[in-house]
Amino acid sequence: MTLVAGVDSSTQSCKVVILDAATGELVRQGRASHPAGTEVDPEAWWVALQEAIAAAGGIDDVAAVSIAGQQHGMVVLDAEGNVIRPALLWNDTRSADAADALAAEFPDIVARTGSRPVASFTATKLRWLRDAEPAHAARVHAVALPHDWLTWRLRGFGPGHADFAELTTDRSDASGTSYWNPHTNDYDRELLVAALGHDAILPRVLGPGESAGTLPGGQLVGPGAGDNAGAALGLGARDGDVVVSIGTSGTVFAVTGSPAGSDTVAGFADASGLYLPLVATLNAARVLDAIAGLLGVDHDELGRLALTAEPGAGGLVLQPWFEGERTPNRPDATATVFGMTLSNTTRGDVARTAIEGLLCGLAAGLHAVQSVGVDARRILLIGGAAQNPAVSAIAAQVFDVPVVVPEPGEYVARGAAVQAAWVASGERPDWTLPVAVSPASDHRPVILEQYAARL
C-alpha cells in the first residue's frame, strides 16, 4: 500500500491525515492546537505541525506529503530567514484602511488580481506594516504565506539555511495576496512595491501536481494550497458544485473553468489548474458559539432549541457581524438583533435566528457567486457546524439549491493528500466522496427576505 500525507494548518489547529494513495481511505491521523488570536508567531505553527505529525505516527513511510493552510496570513522574513514579527492572520482587520487605499490607488486592481482588496488580503497587511511599523517593513527580504513557510521549514530551510530559491507556493494561495494575477500567472510587482514600499522575494508559484522538492528523508512534497482550494480538491468538487464551508470563517466557492471575480467575489485560482470564485464571511461557527454561550447550552442543544421554532424565528433577525465583516466589506460593524417582540423573545427563536442569520449570510454569498456566472446545481455543506442536524435542515430551507452534507472529514487535509498522491503518481486521484445526509429541500423565501430587509 502506498501512503500519502496531507496537512491542514488552519487558524485553530494543525491536522495531519495519512491516506491510502489508491483509494483515499484514512489510515491514521493526528492533530495539534494553534494559539488563539489574529496575529500569531509562525513558530507556533511549526511546533504544532511536528506534534500533529508525531500524533499521526510520523511520515517516514509516506511517498509524498503536501501542506494546505489558512490563506492570506502575512509571514515576513529578513535576509537570514528569520520571522520579523508575528504573522497577521486573515481575520485581522486592522488593515481595512490600507485595503481602501490600495483600491483607490489602483482602480483596475480587480482586473489585475481578480479581486478587490479587503483587510484579509496579504497586500493590505503589508501596506499596514509599511505605515504602522516602518522599521519592520524596511527589514523585509521575503514575504511568504503560512503554507509556503511551513513547506519551506519542513524541507529543512529556515534561519541558518535560508535558501529563498526553495520558497514555493501555489496558484490558489498566491491568488489571495492582491499582488498576483490569476489570468497571467505572474506576480504584479508594482502592487507589491505599492504595498510594502519596496520589492521583496516572493515564493515560486507551482502548478497543479508539480513537486516543491523533497524532504530530507526523500519523500516528495506537493505544491500545497490555500485552505478553500484544498477543501475543493478534497471534496472532488466539479462543475455545478458549490461548496459552503462553516468554519472559523464562512466561505462559498465553486470550481470554474474561467476567471470570475468582482468587487464582491474574490476571483481566486484553484488547486487543479482552474479557478475558484469565492465569497468569505468573517462570522461563521463562532456565531453559534456566542449564542450557545448566551443561552447556556452546547451546540447540540442549540440545534434542538432551534428546531422547536418556526422558520423565520417569528420575525427575529440576527445580523451576525460580531467581529466586523468581510462580505459585505464592513470591518468595523457589530452584531445586531432586529424585530424583538414579547412573543419571539424565546430560547427557541433566539437559537433559530442564530442559525438562520449565519446561513443567510452564506446564501447571500451563493447569490454573489451565481452573479459572476457560476452554475450552482448542488451545495456541498461542510465544516463542523454542518454536522448539526438543525444547521443542515435549516440550510435546506434557506438555500434554493439542493444541499448535500458529506460525511465528517478533514477535507482540507484530504485535498493536500490528493496533491501528494498526484505528485507521487503523476496523475490526479479520483477518490469517492462519502455522503452523510441530503436533507429534503424546503426553500422558505421568507427567511431570506426578512434577513435582507434588515441589511
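This is a predicted model: local features need pLDDT of at least 70, side-chain atom pairs count only at pLDDT 80 or more; totals for chains, interfaces and linings use all residues.
Local features were taken only at pLDDT of at least 70 and side-chain atom pairs only at pLDDT 80 or more, whereas totals for chains, interfaces and linings use all residues. Residues are numbered from 1 along each chain as its sequence is written, and side-chain values rest on heavy atoms, with hydrogens and water left out.

D92 lies in the loop between β7 (87–88) and α2 (96–105), where helices (H or I, at least four residues) and strands (E, at least two) are DSSP runs numbered from the N terminus. D92 is buried, at a relative accessible area of 4%, buried denoting under 20%, exposed over 50% and partly exposed in between (1.4 Å probe, protein chains only). Beyond its neighbours within four places in sequence, D92 is in contact (heavy atoms within 4.5 Å) with T38, E39, A119 and K125.

In α2, the buried residues are A96, A98, A99, L102 and A103. Seen down the helix axis, these residues fall within an arc of 160° and so line one face of α2, the arc being that of the directions from the axis to the C-beta atoms. Their cover includes α3 (109–113), α4 (122–132) and α8 (189–196), while the face turned away from the buried side carries the exposed residues D97 and A104.
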